[in-house]
Amino acid sequence: MRDAVVEPPGSHEPSQFEKTPRKAAASGWMGSALEYYDFFIYAQAAALVFPTIFFPDTDPQIGVIVSLATFGVGYVARPIGAFVLGHWGDTRGRKNVLVLCMLLMGVSTFLVALLPTYQQVGLLAPALLVVLRLVQGFAVGGEISGASAMIVEHAPFGRRGYYASYTLQGVQAGQILAAAVFLPLASLLPDAQFESWGWRIPFLLSALVVLAGIVIRRRVDETPAFQEEAVHGEVPKAPIVQAVRESGPDMLRVICMALMNAVPVATTVFGATYATSEAYGIEFDTATYLWISVVGNAVAVLLIPFVGDLSDRIGRRPCIIAGALGSTLLSFAYLYAISQGSVVGAFALAILMWGVVYQGYNAVFPAFYQELFPTRTRVTAFAVSQNLGTMITAFLPTLYAIVAPGDANVPLIVGSITFGIGVVAATAAWSARETHRVHLDDLGRDDAPVVPREEYERIRTSA
């Protein structure tokens, strides 16, 4: 099937170069899946293994807090990576930055597998772990912004939400891979063997991941929008300066909406610790909790394209507002089910909260964030603001472990913080302009003309 769209002249869409939406979506999906496999195997290990092998074992609660802090360190590096890699993407092209992201992520993740333990080298072990986590965070800082920019700028008008959603479908698939690789190891190996060498296998597989990802990403074409800017000499020299000057309020909105990372943090990171750590006394079986992660993500993978398509029909803001408020409200019930030791309840609520309702936000933000900014600063503005927001949420697991110890009302404390974040994100989305019926070349303008609904539906149907 031919994968090329040529926009008619005068449509306010790039028309000098062909769009290849299917190829861009496939590349974005595969690249994000592989790169986030790397990123999330660290999250799984930080919750399940690292507290006992990289830190002193004198106090289980202290081990949990410090291990989750090293998880958060990766998010500290994300805004720095966003600044550098966003600049690269807006000045050198979307394709080049995505290949670089993949290389950095794969190498740093592979090296985690080779690290000595605390019992072998003492404090050098967690120090090296932090350094490699910083490199991971730097690399992932440009991933979603670059991949979704590639897809949005290749997508036909009226279908941007649908195509851009494949970036996040890839991210969710990467989480499934991360949990699925840990599952047989945690289930089949004795605890001593799993903690000694079994946990290293998922990290070693990153060598294959990085090779596959680079091959895939080198085959996709640069976006027509960037190529036109390069031809006409409109590529900015300092994208971040221009982005803050021209789109500062929208960058602030994205920072607030990106706080919705609190939902997967509460589910996959703190939720895993809360359910399995002896510090909380619930002690779900590790393999059982990993299945919760797999099933929730599997539902999300199936649902994401449909929600992306829905946002093309009714708009970005309604989806994001409903997803933000609904999923964070469900966090109370999800954590309560864990506190009661209810595996069935935790499964059902994980699927509802994370796999279904959260996708109202998760499937839509790649398109919405891109559409708030003009082509010339799109990757930088998206990357910096989105990663600042996620960095704020990165230390939530550590905060939760401090303010909600084992003898506290964990569902009430953690659920209240999570829901408060949902209110902030929904308010930011409500205050933003709707973008789904605005042509690509007009995006990023407060006075951008909106295509009449009837004409939009005709264009969208033909696309």
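# Briefing: salt bridges, helices and a surface patch

The count comes to 17 salt bridges, each a side-chain nitrogen of Lys or Arg within 4 Å of a carboxyl oxygen of Asp or Glu. This is a predicted model: local features need pLDDT of at least 70, side-chain atom pairs count only at pLDDT 80 or more, and totals for chains, interfaces and linings use all residues. Residues are numbered from 1 along each chain as its sequence is written, and side-chain values use heavy atoms, leaving out hydrogens and water.

**Salt bridges**

- Side chains of opposite charge can pair when their charged atoms come close.
- Arg-94 and Asp-90 form a salt bridge at 3.0 Å, N to O.
- Arg-94 is buried at 0% relative accessible area, and Asp-90 is buried at 1%. Buried means under 20% relative accessible area, exposed over 50%, and partly exposed in between (1.4 Å probe, protein chains only).
- Arg-316 pairs with Asp-312, with the closest N and O atoms 2.9 Å apart. Both residues are buried.
- Asp-447 bridges to Arg-445, the closest N and O atoms being 3.2 Å apart. Asp-447 is exposed at 58%, whereas Arg-445 is partly exposed at 34%.
- Salt bridges that share partners join Arg-159, Asp-309, Arg-313, Glu-457 and Arg-460 into one network.

**Helices** (DSSP runs of H or I, at least four residues, numbered from the N terminus)

- Helix α22 (residues 410-431) has 22 residues, and its end C-alpha atoms are 32 Å apart.
- Buried residues of α22 include Val-410, Val-414, Thr-418 and Ile-421. The buried residues of α22 fall within an arc of 155 degrees, so they line one face of the helix. The arc is that of the directions from the helix axis to the C-beta atoms.
- That buried set in α22 packs against α13 (239-257), α14 (262-276), α16 (316-339) and α21 (396-403).
- His-154 lies in helix α7 (residues 143-154) and is buried at 0% relative accessibility. Beyond neighbours within four places in sequence, its contacts (heavy atoms within 4.5 Å) include Glu-18, Lys-19, Asp-221 and Glu-222.

**Nonpolar surface patch**

- Leu-103, Val-107, Leu-111, Leu-114 and Leu-204 make a nonpolar surface patch of about 410 Å². Patch residues have over 30% relative accessible area and no salt bridge; nonpolar side chains (Val, Leu, Ile, Met, Phe, Trp, Tyr) are joined within 5 Å, like charges within 9 Å. Areas come from the Shrake-Rupley method with a 1.4 Å probe; for residues, only the protein chains shown count as cover.
- Helix α4 (residues 94-112) gives the largest share, three residues.
- Leu-114 sits in the loop between α4 and α5 (118-121) and is exposed at 52%.

Definitions and conventions
Helices (H or I, at least four residues) and strands (E, at least two) are DSSP runs, numbered from the N terminus. The expected span of a helix is 1.5 Å times one less than its number of residues.
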